[in-house]
Amino acid sequence: MKILAVDDSPTMRRIIINTLKRAGYEDVVEASDGKDALAKVEIEKPNFIITDWNMPEMDGLTLVTTLRSKDEYKNLPILMVTTRSVKDDIMEAMKAGVNNYIVKPFTPETLKAKINQVLAG
Amino acid sequence: MSPTDNLQAKIQQEITELTTSVSGLVESFRKLQNPLAESHRKVPQATNQLDKISEQTEAATSQMLDMIEQITQREDEIIKDLGVVKQKAESGETTEIGALADVLTVKATTNLNDAYAIMEALQFQDITAQQMDHAASLLEDIEGKLRHVLTNVSGDEAPEKLEEPAIQKKKRAYDPHADLFNKTTNQEDIDSLFQNPKQQPVE
């Protein structure tokens, strides 16, 4: 399974990639914002997306909305990993079409559990 | 026109000019009031954010140092134990080597887990970076308001140094509520919300 990790913080991308590799997900590609992610989705064809919310150029919510507006990405699993923990934000992300939501800082166990939960449908 | 009339006219003119000048001054002060009030409000916000960064950086660093101290202590023990293993292997006392290898495996595994825990703790960098972006954004706003005030005070004679600074402002994308320890909604409530979308999470 190929996972696309989207975050504007290089430190967070490294942490996510290392956590995923430890959980057994070796095939991980990365993008630094929503715009970069849209380009990577076309090229890399990931099976799963993990995205941050607050990013310059294009934020995670716009990325999710853009992907969900296209037929081929309507069912692409998307997990949002963000610092935003306000209830209204979570509802907005849900409405935009994320499959699950994690608030930073996260534990490797939570990340693994949420990926499995999303994949199980 | 008599000299008295002349004097009266002059005084009247002076008073009119003075009134106009005072009105202009009052108007200028009114224009300054809003930006100054906003700056006054934003300075404590920026200060609070900077204090939070300092506290959370300290807490995360302390957490990582605790783990590093434990790792180095275990590494010392591993080195010592490996010396014992070597000694026993060389002298042919192989009976205890298996048990020592088990101890070493436990210690090495614990160190590996702690190394990942340090990586997990390093997430503070993303959170404090967002807090710093928020503080920087507040300071940029204050700078803008003060520029407006100074331009109004200086009128047409605004000094050159009031021109826009040459440094290009960074594009900032941050969560103003980003916090290392306090989450408005906890993970359990988020989980139940996703399990049952019609249910509202507990406040």
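Which residues of strand 3 (residues 48–51) of chain A point one way, which point the other way, and are they buried or exposed? The legends below take up this question and then turn to the neighbouring elements.

This is a predicted model, in which local features need pLDDT of at least 70 and side-chain atom pairs count only at pLDDT 80 or more, while totals for chains, interfaces and linings use all residues. Residues are numbered from 1 along each chain as its sequence is written, chains are lettered from A in the order in which they are written, and side-chain values use heavy atoms, with hydrogens and water left out.

**View 1. Strand 3 of chain A and its side chains.** A:Phe48 and A:Ile50 point one way from the strand, A:Ile49 and A:Thr51 point the other way, and all are buried (under 20% relative accessible area, with exposed over 50% and partly exposed in between, for a 1.4 Å probe and protein chains only). In a regular strand the side chains alternate between the two faces of the sheet. Strands (E, at least two residues) and helices (H or I, at least four) are DSSP runs, numbered from the N terminus.

**View 2. The strand partners of strand 3 of chain A.** Strand 1 (residues 3–6) of chain A pairs with strand 3 in the parallel sense over 4 bridges, where pairing requires that DSSP finds at least two bridges between two strands, and A:Val6 stands opposite A:Thr51. Strand 4 (residues 78–82) of chain A also runs parallel to strand 3 of chain A, joined to it by 3 bridges; here A:Met80 is the bridge partner of A:Thr51, and A:Leu79 that of A:Ile50.

View 3. Strand 4 of chain A pairs with strand 5 (residues 100–103) of chain A in the parallel sense over 4 bridges, with A:Val81 opposite A:Ile102.

**View 4. Helix 1 (residues 3–91) and helix 2 (residues 97–121) of chain B.** The axes of these helices, which are lines fitted to C-alpha atoms over the stretch in contact, come within 9 Å and cross at roughly 160°. Helix 1 and helix 2 of chain B are therefore roughly antiparallel to each other, a term for angles over 145 degrees on a scale that runs from 0 to 180 degrees between N-to-C directions.

Key
Angles under 35 degrees count as roughly parallel, over 145 as roughly antiparallel, 65 to 115 as roughly perpendicular and the rest as oblique.
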